[in-house]
Every structure is written in C-alpha cells, then in structure tokens.
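Here's a quick briefing to read with the model open in your viewer.

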Amino acid sequence: MLMNQKGSILTVDIHGLNSNDAKRQLEQLLSRTGKDVHEVVVIHGYSHGQALKNMVRFQLKHPRIQSKLISLNEGQTRLLLKER
C-alpha cells in the first residue's frame with residue numbers, strides 16, 4: 001500500500017492487494033491517522049475488476065469516515081473524515 005500526504009489530504013494506493021487485506025489495512029490506517037488529515041483518497045482502480053472498488057465504496061466502514069465521494073475518476077474514491 002503506497003501513501004502520499006499533501007497538506008490535509010492523504011492518498012493511498014491499494015492496487016495489488018486483495019479485498020480483505022486492503023480493508024484491514026485501510027481500517028488500521030483510519031484508526032491511526034492524525035487530526036491533520038481531513039480526506040483520504042483511495043486509489044483502487046477499476047479496469048481489472050471491481051472487487052477493490054466495491055469494497056471501498058460499499059463494505060468499508062469506520063467511525064472516522066464522515067462520507068464517501070465518488071470521483072469523476074472511476075479508479076478512486078474520496079473519504080471525508082470526521083474531526084478527531
């Protein structure tokens with residue numbers, strides 16, 4: 001899982017992970033993400049199957065997630081976070 005933070009936005013690339021591993025790693029990441037992060041952009045791809053995209057958009061649940069925004073880019077989903 002590759003990560004890059006610019007300001008209050010953390011970008012996470014979960015390409016290459018299976019759905020269960022990606023879900024577990026994203027939940028752990030959301031639990032330890034600091035209050036300086038207000039948004040997590042998850043790059044999951046879409047051209048080689050829908051499993052990661054569907055997991056992020058429909059199965060991923062965490063108390064920090066305020067809302068999920070579908071990007072114009074089908075290969076990513078934006079997670080807006082609640083204040084800590």
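His62 sits in the loop that runs between helix H2 (51-59) and strand S4 (65-70); helices (H or I, at least four residues) and strands (E, at least two) are DSSP runs, numbered from the N terminus. This is a predicted model, so local features need pLDDT of at least 70 and side-chain atom pairs count only at pLDDT 80 or more, while totals for chains, interfaces and linings use all residues. Residues are numbered from 1 along each chain as its sequence is written, and side-chain values use heavy atoms, with hydrogens and water left out.

- His62 counts as buried because its relative accessible area is 16%; the cut-offs are under 20% relative accessible area for buried, over 50% for exposed, and partly exposed in between (1.4 Å probe, protein chains only).
- The side chains of His62 and Ser31 are joined by a polar contact of 2.9 Å. That term means a pair of N or O atoms within 3.5 Å; within protein, one must be able to donate a hydrogen and the other to accept it, and residues adjacent in sequence count only if both atoms are side-chain atoms.
- Setting aside neighbours within four places in sequence, His62 is in contact with Glu27, Leu30 and Ser31, where contact means heavy atoms within 4.5 Å.

- Strand S1 (residues 2-6) pairs with strand S2 (residues 9-13) in the antiparallel sense, over five bridges; two strands pair if DSSP finds at least two bridges between them.
- S1 and S2 make a hairpin with two residues between them, and Gly7 in the turn has a positive phi of about 65 degrees.
- In a regular strand, side chains alternate between the two faces of the sheet. S2 has Leu10 and Val12 on a covered face, with Ile9, Thr11 and Asp13 on an uncovered one.
- S2 also pairs with S3, this time in the parallel sense over five bridges, and Val12 stands opposite Val42 in S3.
- Why is strand S3 (residues 39-43) largely enclosed by the rest of the structure? Four of its five residues are buried, so the rest of the structure largely encloses S3.

**Leu2, at the S1 end of things**

- Leu2 belongs to strand S1 and counts as exposed because its relative accessibility is 63%.
- Not counting residues up to four places away in sequence, Leu2 touches Thr11, Val12 and Asp13.
- The C-alpha atoms of Leu2 and Lys53 are separated by 16 Å, with the two residues 51 apart along the chain.

**Helix H2**

- Which residues of H2 are buried? They are Leu52, Lys53, Met55, Val56 and Arg57.
- The cover over those buried H2 residues includes helix H1 (19-32), S3, S4 and strand S5 (76-81).
- Phe58 is also in helix H2, but Phe58 is exposed because its relative accessible area is 56%.
- Phe58 and Lys68 are ten residues apart in sequence, and their C-alpha atoms are 9.6 Å apart in space.

- Gln76 lies in strand S5, and a polar contact of 3.4 Å joins its side chain to that of Ser71.
- Leaving out residues up to four places away in sequence, Gln76 touches Val41, Val42, Ile43, His44, Arg57 and Ser71.
- Thr77 is in strand S5 too, and Thr77 counts as buried because its relative accessibility is 0%.
- The side chain of Thr77 has a polar contact of 2.8 Å with the side chain of Arg57.
- Beyond its neighbours within four places in sequence, Thr77 is in contact with residues including Val40, Val56, Lys68 and Leu69.
- Thr77 and Gly45 are 32 residues apart in sequence and 9.5 Å apart from C-alpha to C-alpha.

**The largest pocket**

- The largest pocket holds about 200 Å³ of space. A pocket here is an open set of points on a 1 Å grid over the protein atoms alone, where a 1.4 Å probe fits, with protein on both sides within 12 Å along at least five of seven lines. Grid points are joined across faces, edges and corners, and the volume is the space filled by probe spheres set on the points.
- The pocket is lined by 13 residues, and His15, His44, His48, Gly49 and Leu52 lie nearest its centre; lining residues have an atom within 4 Å of a point.
- By class, that lining has four nonpolar, eight polar and one charged residues. Ala, Val, Leu, Ile, Met, Phe, Trp, Tyr, Cys and Pro count as nonpolar, Asp, Glu, Lys and Arg as charged, and the others, Gly among them, as polar.
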